[in-house]
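Colleague: Could you take me through this model before I plan around it? Please keep to what can be computed from the atoms.

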Amino acid sequence: MTGANYLLEAGSLKILVDCGLSQGSQYASEQNYKPFPYDPKSVQFVFITHSHIDHVGRLPKLYKDGFRGRVFVTRGTADLMEVALPDNMSQLAREADEQNRQPLFTQKDLDGIMGLVKGVEYDEVIKLENGVEAVLHDAGHVLGSSIVEIRCEGKKIFFSGDLGNPPTPLLRPTEFIHDADYVIVESAYGDRVHENRSQRQAKLVETIVETIKRKGVLLIPSFALERTQELLYELNELHNSGKIPQIPIYIDSPLAIKLTAVYARHSEYFNKEARYIINSGDDVFHFPGIRMTLTADESKRINHVPPPKVIIAGSGMSQGGRIIHHEQRYLSDPNSTIMFAGYQVDGSRGRRIQRGEKEVTIFGEKVPVRCHVVTLSGYSAHADQPALLHWVDEAKKGGKLKKVFTVQGEENSAKTLASLIRERLVIDAYAPKEGESFEL
Ligand SMILES: [Zn+2]
């Protein structure tokens with residue numbers, strides 16, 4: 001389900017697509033320490049679809065284990081990796097320390113792998129070896145995210161990475177691909193349909209206004225990448241149009257603050273509307289009331305600011321990060337609100353609160369949940385079932401599509417999507433298990 005990693009072999013050529021960490025309750029897990037099921041030294045090229053840790057986090061270990069080839073990513077992804085990987089390394093080191101084991105990789109490995117990274121443009125033809133070529137297309141999932149096309153032995157093979165959920169506030173829509181021979185498509189939402197998002201902004205406004213009326217605190221556990229920047233962009237818009245009054249809004253996550261700075265440098269990846277607004281002189285990530293709290297001291301001082309206030313912090317599923325300090329303080333307050341603006345995996349603290357559990361344990365202390373609980377599910381960064389089917393249907397154009405592999409979803413999602421592709425699109429489709437191989 002997570003820890004995306006695909007090996008494509010053509011003669012002596014070995015290409016990897018993605019090299020992600022498996023994401024359980026901890027990154028420093030047995031799964032991630034295991035040796036790679038191929039010799040990293042024999043791999044010549046790696047393509048990373050995007051900077052989410054479940055797609056890139058194991059790359060420094062690949063270097064540690066001997067990989068010395070070339071890593072191709074978009075320039076946006078390269079810049080996001082510069083922020084995301086060191087942050088993840090610190091987390092891995094902390095976890096390894098708690099478990100009394102060696103860290104998964106060190107700064108030397110991280111520096112080594114970053115030295116092999118080459119940033120490219122969308123649609124640029126990348127020549128590999130033996131006539132094999134690759135092209136990256138815009139996946140519209142997070143800044144710089146790509147769909148990897150490999151042209152090999154007269155066939156076109158597409159790895160979807162994660163596909164976006166357009167229209168999004170900032171990014172361009174997911175590109176459709178055609179003429180595919182084989183497609184490896186994500187299936188995170190292969191068995192689900194997103195809630196109508198037309199009410200999303202109205203619900204966001206309502207939640208903020210209600211919280212202000214009650215003089216409460218609005219907590220938003222948020223993924224540092226993409227979700228936080230989208231929220232900032234929308235809050236800026238709501239502020240400019242007078243739909244919400246000026247109140248203190250804290251971005252209380254060093255990672256999110258640094259990633260937002262990368263977004264601000266890369267507006268060339270944004271959609272037309274967002275670029276227009278930026279070109280007209282609006283700094284969409286900074287507006288009156290916004291406070292970026294980088295240090296732990298600044299973070300602690302948020303407590304002294306009287307409500308109403310909004311706190312956006314990681315982690316997105318309340319598994320760690322600064323948000324849990326705020327949850328410990330405010331979950332029991334009936335005037336406050338916790339708003340989920342992203343997917344909450346089963347078993348996470350976020351999911352338990354979302355499901356309406358009346359008590360959670362934080363730092364060993366039982367905390368009653370008396371605050372309001374709101375979910376904005378229209379914020380998903382993933383295509384849902386109809387969107388995935390539509391995307392595969394477009395890939396079918398050209399009449400060459402032989403087989404689709406549904407990956408990166410829970411078993412039911414992957415299998416449901418595969419059976420719908422077989423039934424509705426009349427294309428052979430299969431949900432592979434980890435470690436399976438296929439001849440194309
Ligand atoms: Zn992703």
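Colleague: What is the geometry of the zinc ion site, given angles of 94 to 161 degrees among its four donor atoms?

Modeller: This is a predicted model, where local features need pLDDT of at least 70, side-chain atom pairs count only at pLDDT 80 or more, and totals for chains, interfaces and linings use all residues. Residues are numbered from 1 along each chain as its sequence is written, and side-chain values use heavy atoms, with hydrogens and water left out. With its angles of 94 to 161 degrees, the zinc site is irregular.

Colleague: Which protein donors does the zinc ion have?

Modeller: Donors are N, O and S atoms within 2.8 Å of the metal (3.2 Å for Na, K and Ca); water is not among the atoms, so sites may look incomplete. The donor residues follow the spacing H-x1-H-x88-H-x20-D. Lying 2.1 to 2.3 Å from the zinc ion, the protein donors are His50 (NE2), His52 (ND1), His141 (NE2) and Asp162 (OD).

Colleague: Is His141 buried or exposed?

Modeller: Buried means under 20% relative accessible area, exposed over 50%, and partly exposed in between (1.4 Å probe, protein chains only). His52, at 22% relative accessibility, is partly exposed. His141 has 2% relative accessibility and therefore counts as buried.

Colleague: How are helix 4 and helix 8 oriented to each other?

Modeller: Helices (H or I, at least four residues) and strands (E, at least two) are DSSP runs, numbered from the N terminus. Axes are lines fitted to C-alpha atoms, for helices over the stretch in contact, with angles running from 0 to 180 degrees between N-to-C directions; here helix 4 (residues 75–98) and helix 8 (residues 254–265) pack at about 170 degrees, axes 9 Å apart. Angles under 35 degrees count as roughly parallel, over 145 as roughly antiparallel, 65 to 115 as roughly perpendicular and the rest as oblique. Helix 4 and helix 8 are therefore roughly antiparallel.

Terms used: Tetrahedral: all angles 85-135°; square planar, octahedral: opposite > 155°, others 65-115°.
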